[in-house]
Amino acid sequence: MTKNLPECYTCKKKPAVTYRRIDGRYLCKECFSKWVSSIVRKTVSQKKMFERNDRIIVGLSGGKDSTVLLDILHKIERKYPSELIAVCIDEGIANYREDGLPIAEKAAKKLDVEFHLFSFKELIGYSLDEIVERSRELQEKLPSKRKTKIIKHGPCSFCGVFRRKALNIAARKLNGDKVATGHNLNDVTQTILLNLLRGDSNKLLRGDLPPEKTHELFVPRVKPLQAVAERDVVLYAFYNNLTYHTTECPYAVEAMRLDVRNFAIEIEEKYPGTLNCIKNSMDTISHKWTGSSTEITNKDEAKTYYLCEICSEPASSKVCKGCQMLDTLFKKN
Ligand code: SF4
Ligand SMILES: [Zn+2]
Ligand SMILES: [Zn+2]
């Protein structure tokens, strides 16, 4: 804190320690934390994320985003009869996840939140390290015409599919009504830009649909931190003395996402508020799109859900994406 910082804009009592990049107002740490919590509260209410009695499964990794999410939801939800249950998914990434697990467990215990640990190995039969090793082996061994799209996937593509599946299975086992994940504004905008750059208009237009149950075996997912910028997540953790895991995953992020991530940071630095504009524009577009075709979309979706022929989990094709991946990596080749 420098001596020259003015008094807090909100309470007009305490000395300010930081400023909101969005409007340049100086705030003390309490008012800053309240402001961040209020953004989450507003998102939760506007997007009708939770019912009063929901059992909310919080995906907790021990990283900054999920740790902050659990802390804020704990503050918001204590006024309701809802319940928070923390779930950590161990992907099986050597020298990385095992450091985060005890931090996640401690964070849940500190708030007296029930904690459960599940792993890729137990739920899908393989650790992410085994999956990545096998895909690299096949990439080297197979002739180019047999290198299908699945074989060429990077670690994050495998990780994303299996984590979604693992979280859904875990949430069902725990009788969860919703799954809340720690995706922040930067993550959400990166995904919008990536879908745009890859020309994936289906994913782009699907946007952030309300948490409806599209299939009885799917637990709806919500992202309560979607309007909080990464910078503000870090500051919230700092001002609230939250301990989190800072090590980067050794697989880091896939190449294109990394470029988009750096671009998003740069553009936000130069023109504060840009990430919000991207997210809000996309929200409006997908709202208008799904709003104009809701009935058709829902009917179609209801018709096109299958139970995967291999694992019996709900899927949009006869064999779910995860089983297609495992089949290609471990059986067909
Ligand atoms: S960086 Fe990629 S592989 Fe590592 S945890 Fe994240 S999504 Fe999974
Ligand atoms: Zn203040
Ligand atoms: Zn399957």
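**A chat about loops, helices and domains**

Reader: Where does glycine 199 lie?

Author: Glycine 199 lies in the loop that connects helix 7 (185–198) with helix 8 (201–206), where helices (H or I, at least four residues) and strands (E, at least two) are DSSP runs, numbered from the N terminus. Residues are numbered from 1 along each chain as its sequence is written, and chains are lettered from A and ligands numbered from 1 in the order in which they are written. This is a predicted model, in which local features need pLDDT of at least 70 and side-chain atom pairs count only at pLDDT 80 or more, while totals for chains, interfaces and linings use all residues.

Reader: Is glycine 199 buried or exposed?

Author: Glycine 199 counts as exposed because it has 7 C-beta neighbours inside 10 Å; a residue is buried if 20 or more other C-beta atoms lie within 10 Å of its own, exposed if 12 or fewer, and partly exposed in between, with C-beta atoms placed from the backbone.

Reader: And how far is glycine 199 from histidine 245?

Author: They are 46 residues apart in sequence, and their C-alpha atoms are 34 Å apart in space.

Reader: Switching to confidence, where is it lowest and where highest?

Author: The mean pLDDT of the protein is 90, with 93% of its residues reaching 70 or more; pLDDT is the predictor's confidence in each residue, from 0 to 100. Confidence is lowest in helix 11 (residues 274–303), with a mean of 68, and highest in strand 3 (residues 55–59), at 98. Over residues 293–302 pLDDT stays under 50, and the model has 2 contacts for them beyond four places in sequence, a contact being two residues whose C-beta atoms, placed from the backbone, lie within 7 Å. Where pLDDT is low, the predicted coordinates should not be read in detail.

Reader: OK, which domains does the assignment give?

Author: It gives domain 1 (1–39) and domain 2 (47–291), with bounds that come from an automatic or database domain assignment. Their C-alpha centres lie 29 Å apart, and 9 residues of domain 1 are in contact with 12 residues of domain 2. On the side of domain 1 that touches domain 2, helix 1 gives the most, with 6 residues.

Reader: What is buried in helix 1, and what covers it?

Author: Its buried residues are Cys31, Phe32, Ser33, Val36 and Val40, and their cover includes strand 1 (18–19), strand 2 (26–27), helix 2 (64–77) and helix 9 (230–239). Helix 1 is followed by lysine 48, whose phi is positive, near 45 degrees.

Reader: Which other residues have a positive phi although they are not glycine?

Author: Among them are asparagine 241, at about 50 degrees, and serine 312, at about 65 degrees. Asparagine 241 is found in the loop between helix 9 and helix 10 (255–270), and serine 312 in the loop between strand 8 (306–307) and strand 9 (314–315). Most residues other than glycine have a negative phi.

Reader: Last one, which residues are around ligand 1?

Author: They are Glu91, Pro155, Cys156, Cys159, Gly160, Cys249, Tyr251, Ala252 and Val253, where a residue is near a molecule or strand if its C-beta atom, placed from the backbone, lies within 6 Å of it. Pro155 and Cys159 are also among the buried residues of helix 6.
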